[in-house]
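Here are some questions and answers for a reader who is meeting this structure for the first time. Please keep the sequence and the model in view while reading.

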Amino acid sequence: MPILFALVARGTTVLVEHISSGLSGNFSTVTSVLLQKIPSDSNSKMSYVYDKHLFHYVVSNGMTYLCMTDEETGRVLPFKFLDDIEKRFVSTYGDRAKTAIAYSLRGDFGPVLRTQMEYYNTSRREHDKLEQVKDEVDAVKGIMINNIESVLERGEKIELLVDKSEKLEGDARRFKKSARRFKNHMWWQNVKVMLLIFIIVALAIYFILAMFCGFDVSCGSSGGGDDNSGGNDGGNSG
């Protein structure tokens with residue numbers, strides 16, 4: 001059963017909820033943490049990962065519509081379910097929900113949550129695959145996913161995860177700049193090594209020639225001088 005839990009809340013006040021039979025765990029605690037951190041003064045959509053489950057919520061006009069699913073369900077079905085629940089809830093209660101007390105709507109709207117959960121859990125198998133892919137692309141636009149398990153381990157500070165995700169782009173830019181600087185550094189190192197090798201080879205050639213021709217490397221000119229000398233001597237003798 002993909003959709004395991006659902007509720008409607010006003011801020012941190014839960015008005016109605018439905019939990020699937022046989023469900024166990026600290027999901028009530030997790031839900032309480034989420035409701036404290038979800039800003040109810042602005043419309044938004046988001047998903048949180050916890051263990052092998054996901055919490056999806058929609059905030060609309062001060063009301064929070066939330067459900068929990070298994071990790072294999074994806075995000076298309078849960079948000080379709082939440083949109084459906086929102087329409088039914090608004091059409092049923094309207095502004096009356098703004099003054100309702102905690103769990104006061106469980107008797108009337110609880111069966112609606114149960115019925116719609118069963119409907120969407122069954123209809124998931126009947127989704128056309130191509131339509132599901134299209135819906136998946138449309139549904140994920142503007143919806144963030146965070147890991148709520150990390151939130152609970154770090155003192156329920158959801159803001160830290162949000163800040164961390166916002167820094168990813170800056171970290172990527174800094175890494176790119178560092179990589180470029182490293183590449184330039186290695187290029188200059190290669191140039192220096194090639195220049196050093198060239199100088200060493202040139203010096204080696206020079207010293208080899210100097211061993212045979214002298215440090216002024218004048219092998220050819222010395223030989224020419226001896227020939228001229230010999231010619232002059234011959235002339236004198238004559």
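Q: How many salt bridges does a search of the whole structure find?
A: The model is a predicted one, and the search covers the whole structure. Side chains of opposite charge can pair when their charged atoms come close. One of the bridges joins Asp84 to Arg88, and another joins Asp95 to Lys98. The number of salt bridges found is two.

Q: How far apart are the closest N and O atoms of Asp84 and Arg88?
A: Both Asp84 and Arg88 lie in helix α2, where four residues, or about one turn of the helix, separate them. An α-helix has 3.6 residues a turn, so residues three or four places apart point the same way. Asp84 and Arg88 form a salt bridge, and the separation of their closest N and O atoms is 2.9 Å.

Q: Is Asp84 buried or exposed?
A: A residue counts as buried when its relative accessible area is under 20%. The relative accessible area of Asp84 is 14%, and therefore this residue falls under that limit. Its salt-bridge partner is Arg88, which at 36% relative accessibility counts as partly exposed. Asp84, by contrast, is buried.

Q: Are Asp95 and Lys98 buried or exposed?
A: These two residues form a salt bridge whose closest N and O atoms are 3.7 Å apart. A relative accessible area over 50% counts as exposed. Asp95 has a relative accessibility of 58% and Lys98 one of 51%, so both residues are exposed.

Q: What is the distance between the end C-alpha atoms of helix α2?
A: Helix α2 runs over residues 76–93 and holds 18 residues. At 1.5 Å a residue, the helix should span 26 Å, and the separation in the model agrees with this expectation. The end C-alpha atoms are therefore separated by 26 Å.

Q: Which residue just after α2 takes a positive phi?
A: Helix α2 covers residues 76–93, and its buried residues include Phe89 and Tyr93. The residue in question comes just after the helix and has a phi of about 60 degrees. That residue is Gly94.

Q: What kind of aromatic pair do Phe81 and Tyr120 form?
A: A search of the whole structure finds nine aromatic pairs. In the pair of Phe81 and Tyr120, the ring centres are 5.7 Å apart and the planes stand at 80 degrees. Because planes over 60 degrees apart count as edge-to-face, the pair is edge-to-face.

Q: Which helices does the pair of Phe81 and Tyr120 link?
A: The two residues are 39 residues apart, and their pair links distant parts of the chain. Phe81 is buried, with a relative accessible area of 0%, and Tyr120 also counts as buried, at 11% relative accessibility. Phe81 belongs to one helix and Tyr120 to another, namely α2 and α3.

Q: How far apart are the C-alpha atoms of Leu7 and Met68?
A: Leu7 is found in strand β1, which covers residues 3–10, and counts as buried at 1% relative accessibility. Leaving aside neighbours within four places in sequence, the contacts of Leu7 include Tyr65, Leu66 and Leu113. Leu7 and Met68 are 61 residues apart along the chain, while their C-alpha atoms are separated by 9.3 Å.

Q: Which helix holds Leu209?
A: Leu209 is partly exposed, with a relative accessible area of 39%. Together with Val193, Met194, Ile197, Val201 and Ile205, Leu209 makes a nonpolar surface patch of about 540 Å². The helix that holds Leu209 covers residues 158–213 and is α6.

Definitions and conventions: Residues numbered from 1 in each chain as written. Predicted model: local features only at pLDDT ≥ 70, side-chain atom pairs only at ≥ 80, totals over all residues. Heavy atoms only, no water. Patch = residues over 30% accessible without salt bridge, like charges linked within 9 Å, V, L, I, M, F, W, Y side chains within 5 Å. Areas by Shrake-Rupley, 256 points an atom, 1.4 Å probe, with all protein chains shown as cover. Salt bridge = Lys/Arg side-chain N within 4 Å of Asp/Glu carboxyl O. Buried < 20%, exposed > 50% of the residue type's maximum accessible area, 1.4 Å probe, protein only. Expected span 1.5 Å × (residues − 1). Phe/Tyr/Trp six-rings, centres within 6.5 Å; stacked < 30°, edge-to-face > 60°. Contact = heavy atoms within 4.5 Å.
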